[in-house]
Amino acid sequence: MSALHKVVPASEIRKHLSKTAKRIWCPGCGTAIAMGGMIRAMVESKIPEKEFAVITGIGCTGRAHAYVDYDSLQTPHGRTLPVATGIKLARPGMHLIVFSGDGDLLGIGGNHFIHAARRNIGITVVLVNNFIYGMTGGQVAPTTPTADTASTAPYGNLEEPFDTCALAMAAGATYVARTTAYHVRQMVDFIGEGIKNKGFSVIEVLSNCTTQYGRMNRKGSSAQMLKWFQKNSVSLKKAADLPPEKLSGKFITGEFVTGKRGELSARYHELITQKNKERVDAHEA
């Protein structure tokens with residue numbers, strides 16, 4: 001356990017929770033665990049509270065904006081990233097956290113996800129992946145595993161799911177990591193690294209949805225689903241030494257990309273400064 005985890009008590013984390021928000025998530029939902037990990041990473045970063053903003057979309061994760069006592073905003077479905085991009089371009093000094101689900105970011109918002117990664121805009125995305133559209137009725141999502149059931153796939157999903165981290169890497173994100181709602185300490189560390197990264201960061205948090213995905217696929221209680229994540233997670237380092245058949249049905253966790261390249265909002269404001277200088281020089285000449 002790092003020193004940072006030792007010195008930040010739970011009482012300090014609770015200071016960043018809204019005093020008026022009412023419970024909306026199902027008992028045992030992994031979204032609350034992911035939100036707690038996000039807040040802890042924000043507190044441990046030592047960045048002033050006023051420099052953060054939390055952007056959420058629609059769905060189970062969408063209520064997080066009402067729980068956090070930071071500047072926050074809920075956007076229309078799938079539009080978290082264009083809204084966050086606009087804020088970042090206007091206020092490049094802000095640390096923007098997009099806290100949203102797999103359906104919101106990879107379904108209706110999929111094109112925005114690809115282009116935010118391509119642009120390397122300085123936004124930290126905490127993508128809570130519960131394998132299903134939880135709040136709206138348990139429909140197949142872009143991440144629902146093949147053959148698993150959903151309300152729109154009672155005989156099993158025929159489609160191949162997105163690999164969130166592979167998609168983010170291919171599109172150009174400069175920090176990409178995967179963890180689970182069971183691995184809270186790792187989650188906090190990964191989100192913290194995403195906040196430090198100057199470009200587009202994606203932290204995928206595999207989350208337990210007991211009410212929809214878990215019930216329809218007989219995964220048991222919330223505790224049993226968390227144990228399922230523990231049992232079936234393999235670190236990236238260990239996965240490199242295992243044959244494909246040993247990795248079937250496993251979740252590979254770890255940091256996939258920790259790279260650097262030019263961040264969009266910084267380049268945008270450098271260009272503005274340069275052009276303004278050129279205009280002044282031309283006028284004085």
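## Helix packing, pockets and cysteines in a predicted model

Helix α7 packs through its buried residues against α5 (80–90), α6 (102–108), β4, α8 and β6. The model described here is predicted. The buried residues of α7, which spans residues 110–119, are Gly110, Phe113, Ala116 and Ala117. They cover an arc of only 125° around the axis, which puts them on the same side of α7. As a general rule, an α-helix has 3.6 residues a turn, so residues three or four places apart point the same way. Just after α7, asparagine 120 adopts a positive phi of about 55°.

### Pockets

| Pocket | Volume | Lining residues | Lining by class |
|---|---|---|---|
| Largest pocket | about 560 Å³ | 25 residues | 13 nonpolar, six polar, six charged residues |
| Second largest pocket | about 280 Å³ | 20 residues | seven nonpolar, nine polar, four charged residues |

In the largest pocket, the lining residues nearest the centre are Phe131, Pro145, Pro161, Lys250 and Phe251. Two or more residues of this lining come from each of α8 (164–171), β6 (201–206), α11 (222–232) and β8 (251–258). Among these elements, α8 gives the most to the lining of the largest pocket, with four residues.

For the second largest pocket, Lys88, Pro92, Gly122, Asn197 and Lys198 are the lining residues closest to the centre. At least two residues of this lining are supplied by each of β3 (95–101), β4 (123–129), α9 (184–196) and α14 (264–284).

### Cysteines

The structure holds zero disulfides. In general terms, a disulfide is a covalent bond between the sulfur atoms of two cysteines. Cysteine 29 takes part in no disulfide, and the nearest cysteine sulfur, that of cysteine 60, is 5.9 Å away. That separation is to be read against the cut-off for a disulfide, which is sulfur atoms within 2.5 Å. Cysteine 29 is buried, its relative accessible area being 16%. Cysteine 165 is likewise in no disulfide; the nearest cysteine sulfur is that of cysteine 29, 20 Å away. With 0% relative accessibility, cysteine 165 counts as buried, because the term applies under 20% relative accessible area.

### Histidine 16

Where does histidine 16 lie? It is placed in the loop between α2 (10–14) and α3. Histidine 16 is buried, with a relative accessible area of 9%. Leaving aside residues up to four places away in sequence, histidine 16 touches Ile39, Val43, Glu49, Tyr67, Val68, Asp69 and Tyr70.

Terms used: Residues are numbered from 1 along each chain as its sequence is written. This is a predicted model: local features need pLDDT of at least 70, side-chain atom pairs count only at pLDDT 80 or more; totals for chains, interfaces and linings use all residues. Side-chain values use heavy atoms; hydrogens and water are left out. On a 1 Å grid over the protein atoms alone, a cavity is a set of points where a 1.4 Å probe fits but cannot get out, and a pocket is an open set with protein on both sides within 12 Å along at least five of seven lines; lining residues have an atom within 4 Å of a point. Grid points are joined across faces, edges and corners, and a volume is the space filled by probe spheres set on the points. Ala, Val, Leu, Ile, Met, Phe, Trp, Tyr, Cys and Pro count as nonpolar, Asp, Glu, Lys and Arg as charged, and the others, Gly among them, as polar. Buried means under 20% relative accessible area, exposed over 50%, partly exposed in between (1.4 Å probe, protein chains only). Contact means heavy atoms within 4.5 Å. The arc is that of the directions from the helix axis to the C-beta atoms.
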